[in-house]
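I opened a new notebook page today. Here is what I looked up, entry by entry.

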Amino acid sequence: MYVAYVKNAMLQKAQGDYAPYDELVAQFQSTGNVMPSTKNTASSVTQLQAWLSALTHVAPSLDRTCVTLVESVTEFPWLAMPEDIADAWVRLVCSIVSARSEWVSHVASLLFQNMNLRPAWCRGTHTFLPGHRSAMSRRQLYSRLHSLLQTLLRLIPTLPATLQPLLIQHFPHKRESTMDQVLYIQNLLRITEYCEALTEPIWNVIIDHTLQIDVAIQVELDELEEQGVEPSSHTTDLSAVLDQGADSDSESATVSPALAAQDAIEETLDTLEDLSDEEGYDDSDGLLATELAQEPAWNEIAVLAGKLDAIMKAVHDFLEQHIGMARSPAMLTRRYQLYQTLLGIFTRTILTTFKSRHVQFVLFWFASLDHEFADMFLGTLLSKSLYAVPAAGTSESGESAIILRIAAASYVASYVARARYIDASTTRMVVVNLCTYMDACLESFAAQGLHAPPPGAREHAVFYAVTQAVFYIFCFRWRDLRDGAVSDAPSFALDEDHAPSLAATYPNTGSFELSPQLMPVLHASSLSSVSSTHSMTGERGWAPGLAVVQRAITSPLNPLRYCNANVVQQFAYVAQYTDFLYCYSVLEANAQRRPSQAARESTPTTRSPVKTAPDAPAAVAAPALDAFFPFDPYRLRDSSSLVYRLYREWSDVAPEESDGEEDEDSDDGISALPHEQMTRLSAVLKSRGEYPSHSSITPESIAQSMEAMSISPYTG
């Protein structure tokens, strides 16, 4: 009966009589009127199943002229209905899209729209099945969605190309609720398990979205505590939300007052942004926007930080569960391929994004799983910072190339300094690469003579960035840079319960070596300056390459003047404490330079404005040796497992103040230094006078500066 009615309705429609067709459409609309002959049973499971099965017979004829019927059927709330109805609906939709390609994009869009907290395919179920209350959890509902998508992928081999723009189009905006964003991301990640073609596009959009939130947080999270504001946390556990039904009353618990405040703030900002786009808009009309920008909106920042924390935790939980403890060859291969994908995304997106504080820790964690991953990460960073040769026709030229190299040098410094799984031999190898580049720059500067760009010129920006990287690494890894140093990397292989951690899966760290193609070639003319130094007091010397640091700071390029002041201060303190080098005379000489002379010299620390698309990650700033160290302490609470046991805090490596460190009988407060080093510095400084007192430089001030080092301080 149902099949005959459907076929007759389609025939009558073709002849111009739409009445039977409209009645057929009404059967799948929650506000429609049911057919008189079936008004007592239209909502029954049997009849709904019969209508769906009957429509399957005419699926090939459902072209664009049947748009109302197809839309009513595809938007039918099948997701939480009994299995018989759900199966019949899936068969019908698959028949439609396999026979009529014009409906593929429409169905795929609906799929992504239902990967949120409140799936639209669950609304209106009671209209068709009065009294029906589904016992299905969100986890089961999402499983139905993925089962449908897998069926469509088998039917339509070209479907991934259609899905790529749609998964971006339907990605929740950062203003939407935390759980909407987290659930959408979790569903996207689940797609990567069965659709390899979408793995890179999905990770691309997730990283891009997370970066947008990350760079929107313009202050250090520690400042929130000073303002009495805590990052908003999602009190409802994700597993608990997945175990609830889609019609659960628990939804109210997932929307905090802070989220409501965030919505109001962003609506105001969006209104102002829309006004600014209107023709004839006067800048004076943006007074409110100016006032809002004068100081951080602490509630807004707290909301964004809470969302970022939840997203980072969801990403880490997925990675930990699916590839963190991989053992089988197939899983190890998948892990390697995923790392290659993420490393490519890092190079294209994260590395070129200024003010990113947290997203890069995904790579930090991933690289800890295998020594080869850490090798690849360091190789990528060193190649970008030291050996980058832009290919013809690429955009990596001129200013942008310098910016990228400076950022890569900062990543090298921060990664080697902070990653506990980077051992002493690897640290020394990286320092050799950096120092060899410094040596080559010094040789080039000397060879050019009067034709060389002046100290502080932008042509030397990469040299200063690399030198600053060596300073920073030395502050954290000076123990590993002594001759005969032993790595501390294996020290956290077991946790307090003697349970194996990620580090327990490493191959022998002693065999870690950088890729051969990244090893520099030391020319004979450089060997004299790139060599191991030895203390005149009989103590152990230093790793090969570090002697060039002494040469650099006494050279006309004067990196102690042009590198970041905080990093220079920290390096000066640690270098003196370890009897490696005394820097305070150079610092005093720099401070006494005439202002007029300083004004005439160019400087690499001049920042240019950075233009950014409204929803695009912020671009890297112009060459500037700010304290940009991307692996500064991770302050997000719930996702801190990304760095647990893998991260080196400053307190772990800070020099211990000895009883005899300060000599009260010394007139100038300077510890005894090797005679050779003191003589060299004194000769260069031309006996400028009494060395400065540095009693104000204490371990406490150094520790405070290290732990509070800002990647991108808020500037108003």
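**Entry 1: helix 3**

I checked the length of helix 3 (residues 45-56) against the rule: its 12 residues at 1.5 Å a residue should span 16 Å, and the end C-alpha atoms are 17 Å apart, which agrees. The expected span is 1.5 Å times one less than the number of residues. Helices here are DSSP runs (H or I, at least four residues), numbered from the N terminus.

A note on what I'm looking at: this is a predicted model, where local features need pLDDT of at least 70 and side-chain atom pairs count only at pLDDT 80 or more, while totals for chains, interfaces and linings use all residues. Residues are numbered from 1 along each chain as its sequence is written, and side-chain values use heavy atoms, with hydrogens and water left out.

Next I asked which residues of helix 3 are buried. They are Q47, L48, A50, W51, L52, A54 and L55. Buried means under 20% relative accessible area (1.4 Å probe, protein chains only). I remembered that an α-helix has 3.6 residues a turn, so residues three or four places apart point the same way.

What do the buried residues of helix 3 pack against? I found helix 1 (2-14), helix 2 (19-26), helix 4 (67-74), helix 5 (83-99) and helix 7 (125-128). Contact means heavy atoms within 4.5 Å.

**Entry 2: aromatic rings**

I used this rule: rings of Phe, Tyr and Trp (its six-membered ring) pair if their centres lie within 6.5 Å, with planes under 30 degrees apart counted as stacked, over 60 as edge-to-face and the rest as tilted. The count comes to 43 aromatic pairs.

I looked at Y339 and F366, a tilted pair with 5.2 Å centre to centre and 55 degrees between the planes. This pair links distant parts of the chain, since Y339 is in helix 17 (residues 329-350) and F366 is in helix 18 (residues 361-366), 27 residues apart. Both Y339 and F366 are buried.

Then I took F346 and F377: the centres are 5.1 Å apart and the planes at 70 degrees, so I wrote down edge-to-face. F346 sits in helix 17 and F377 in helix 19 (residues 371-385), 31 residues apart. F346 and F377 are buried too. They belong to one aromatic cluster, whose members include F361, F364 and Y411.

**Entry 3: H209**

I found H209 in helix 11 (residues 199-216). Is H209 buried or exposed? H209 counts as buried because its relative accessibility is 6%. Leaving out residues up to four places away in sequence, H209 touches F171, P172, H173, K174, Q181 and I311.

Conventions. Helix = DSSP H or I, 4+ residues; strand = E, 2+ residues; numbered from the N terminus. Buried < 20%, exposed > 50% of the residue type's maximum accessible area, 1.4 Å probe, protein only.
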